[in-house]
Amino acid sequence: MTDIKNVLVVGAGTMGSSIAMVFAANGYKTVMADIKQEFIDRAFTQVDKSIAWMKENDLLSSDDYENAVKANLTGILNGEIPARGKEFDLVIEVVPENKHIKRSTYEMLSESCREDCIFASNTSGMDVFSLTDSFLKNPSRLVITHWFNPPYLMKIIEVVQGPKTADAVGDKMREVLESCGKKPSVLRKYIPGFIVNRLATAICRELYYMIEQGWVSAQDAENALKYTDGLRWSFEGPIELWDFVGHEITLAVAGDVIPTLCNATDKFPLADEIFRTGHTGVRAGEGVLKKYTGDFDAYVAKRNSRILTMYKVMNKFEEEDK
Ligand SMILES: NC(=O)c1ccc[n+]([C@@H]2O[C@H](COP(=O)([O-])OP(=O)(O)OC[C@H]3O[C@@H](n4cnc5c(N)ncnc54)[C@H](O)[C@@H]3O)[C@@H](O)[C@H]2O)c1
């Protein structure tokens, strides 16, 4: 496969500006493209803010990160892509989650870029493979790379292959993302929810079901996970935990549990109740767990600070395991 040196990030919004920063910081010549100059300017301001935040929080031990971003990151207007498209080895598509915008972006990229240029979509879940199948030149180079917000902090990136994606493309994206200090998980088949949201759905379906049945309160269900897996998962995920416990035990327990699990496929437990009451979460002032009366931004800030604390703890554990 072609060596990846030149990266184009199309769509320089919340995710695109940060993703572009990560590539530039790790030595890739990176160009951000957006539809208006003011959006490019906003993206560079966002990059400066993110670097300032990382410095304030002791995540950068030298000026190397900032210097690499300054040396490697530039911006262009979308209209310049057709003339410059052949330069790029990898395009990350980060335009809004809208079928028309994604489709027209791929039509333009397919015409503008070399056929060996990898196209990686940051879609949250859209089937970009079917969307582009009728016109995309060389569909074996199209893959999803699903980043989490904020991209400079969250190490996980789900790399999702479509029906025609070459395994070599999934493997190449793993290599490139690892070179940026990330922890990619490669999913060889496009399935709804990928890995992270799929598992969150499975867990919450069972939790909501137990609450709906009146077997447990939301708070007690929450605590049961928070004070067990919440404590362990930063160093030992569920698969390693079961290896630790031993499968003569785990599988015996699972054998009793499986026939009693919620297997509803028509609608999600509690869904009717949630929509009837309007308790749709923090933004609505109340969710399944509790009322949220404070300022939303303060809630986000507190949450981010805790993510940062856990990020540092996980880094420490990773160092110990090396
Ligand atoms: N925000 C998140 O937390 C998050 C997380 C994971 C995935 N995603 C996905 O990432 C993608 C982008 O989300 P976002 O939150 O960064 O959106 P955003 O609205 O912040 O950014 C999108 C950017 O794309 C630009 N744009 C619009 N049309 C364009 C075009 N034709 N060509 C080039 N640029 C164009 C916009 O001007 C904007 O700057 C979506 O597919 C979204 O589902 C978002």
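Modeller: Gln161 touches Phe129, Val143, Ala166, Asp167, Gly170, Val186, Leu187, Arg188, Lys189 and Tyr190, leaving aside residues up to four places away in sequence; contact here means heavy atoms within 4.5 Å. This is a predicted model, in which local features need pLDDT of at least 70 and side-chain atom pairs count only at pLDDT 80 or more, while totals for chains, interfaces and linings use all residues. Residues are numbered from 1 along each chain as its sequence is written, and side-chain values use heavy atoms, with hydrogens and water left out.

Gln161 lies in strand 7, strands being DSSP runs of E of at least two residues and helices runs of H or I of at least four, both numbered from the N terminus. With 1% relative accessibility, Gln161 is buried; the term means under 20% relative accessible area, exposed means over 50%, and partly exposed lies in between (1.4 Å probe, protein chains only). The side chains of Gln161 and Asp167 are joined by a polar contact of 2.9 Å, that is, a pair of N or O atoms within 3.5 Å, where within protein one must be able to donate a hydrogen and the other to accept it, and residues adjacent in sequence count only if both atoms are side-chain atoms.

As to the backbone, the peptide bond from Asn149 to Pro150 is cis, and Pro150 sits in the loop between strand 6 (142-147) and strand 7 (156-161). Asn138, in the loop between helix 6 (128-132) and strand 6, has a positive phi near 55° and is partly exposed at 25%.
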